[in-house]
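Open the model in your viewer and keep the selection panel at hand.

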Amino acid sequence: MAPTGQRPGRYRTHSPHFDAAFRRRLETLFRWRRDVRRFRADPLPSGLVERLLAQADAAPSVGNSQPWRFVVVEDEGRRRAARAHFAAVNERALAGYRGERARLYASLKLEGMDRAPVQLVAFCDPDTDQGHGLGRLTMPQTLEWSVVLAIAQLWLAARAHGVGLGWVSLLEPAVVAEILAVPQRWRFIGWLCLGYPEEESPEPELERLGWQRRTPLGERIFHR
Ligand SMILES: Cc1cc2nc3c(=O)[nH]c(=O)nc-3n(C[C@H](O)[C@H](O)[C@H](O)COP(=O)(O)O)c2cc1C
């Protein structure tokens, strides 16, 4: 019989203890995680991107399928093409607003693709055999949700290193797939800009610029 606190087999569990001080720090991390669009141009330390991707890769996934596919965009031509595409989509988005809202929209900066030293694009591979289909019979979209969880983990892991992440979704999935020459079946989830932020704040930028305030949590909790 295995001694108390250990499991039979190759691995022993030594579960860490998360104390009150850690929980306070974690809450601070959650409060200061921001979507970042204004980056300093300095590069990230060597090996950090790989480390952050390893932390994202530890995210939960339906059936343990790990359906995330991350493309590290290094080629300047591809980056330029994506920026030009964003500008076109953003023009279209602006055209959908009128009056004061349009003026406000035009003043927003909705991506950091111009300066972020690291640009990662997250896709979901809907054809993966990994996980043998477990858990997705009635909701195949759980594969995409798994990728979103990996991004959330990456976001927090980056912030813990002082690195900001900005999620860009104002892009056409088919155009992104073409720019990056990835399989057409992969589903685009998000273009992620990473780098050191120019400024830090506990408030979302969209709140500070008067676009949208956060609303009280009570409005989103229901009891039955
Ligand atoms: C799925 C998703 C897509 C997003 N797309 C964009 C985007 O295209 N451009 C942008 O500036 N921010 C984008 N954001 C960031 C949100 O605007 C941001 O999370 C929100 O305003 C709250 O701010 P915070 O993340 O700093 O708390 C996106 C966030 C999510 C979760």
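The shell around the ligand has six nonpolar, one polar and four charged residues (Ala, Val, Leu, Ile, Met, Phe, Trp, Tyr, Cys and Pro count as nonpolar, Asp, Glu, Lys and Arg as charged, the others, Gly among them, as polar). To see this shell, select Arg34, Asp35, Arg37, Leu110, Glu111, Trp167, Val168, Ser169, Leu170, Pro204 and Leu206; a residue is near the ligand if its C-beta atom, placed from the backbone, lies within 6 Å of it. Numbering runs from 1 along each chain as its sequence is written. The model is predicted: local features need pLDDT of at least 70, side-chain atom pairs count only at pLDDT 80 or more, and totals for chains, interfaces and linings use all residues.

Next, select residues 48-56, helix α2, and residues 142-160, helix α5. Their axes are 8 Å apart, at an angle of about 135 degrees. α2 and α5 are therefore oblique to each other (under 35 degrees is roughly parallel, over 145 roughly antiparallel, 65 to 115 roughly perpendicular, and the rest oblique). Show Leu52, Gln55 and Ala56 on α2, with Ala150, Ile151, Gln153, Leu154, Ala157 and Ala158 on α5, for the contact (C-beta atoms, placed from the backbone, within 7 Å). Seven of these contact residues are nonpolar, two polar and none charged.

Finally, select the protein chain: seven helices and four strands (DSSP runs, H or I of at least four residues for helices, E of at least two for strands, numbered from the N terminus). Along the sequence the pattern is α-α-β-α-α-β-α-β-α-β-α. The C-alpha atoms fill a box of roughly 70 × 50 × 40 Å along the principal axes.

Notes:
Axes fitted to C-alpha atoms, helices over the stretch in contact; angles between N-to-C directions. Contact = placed C-beta atoms within 7 Å.
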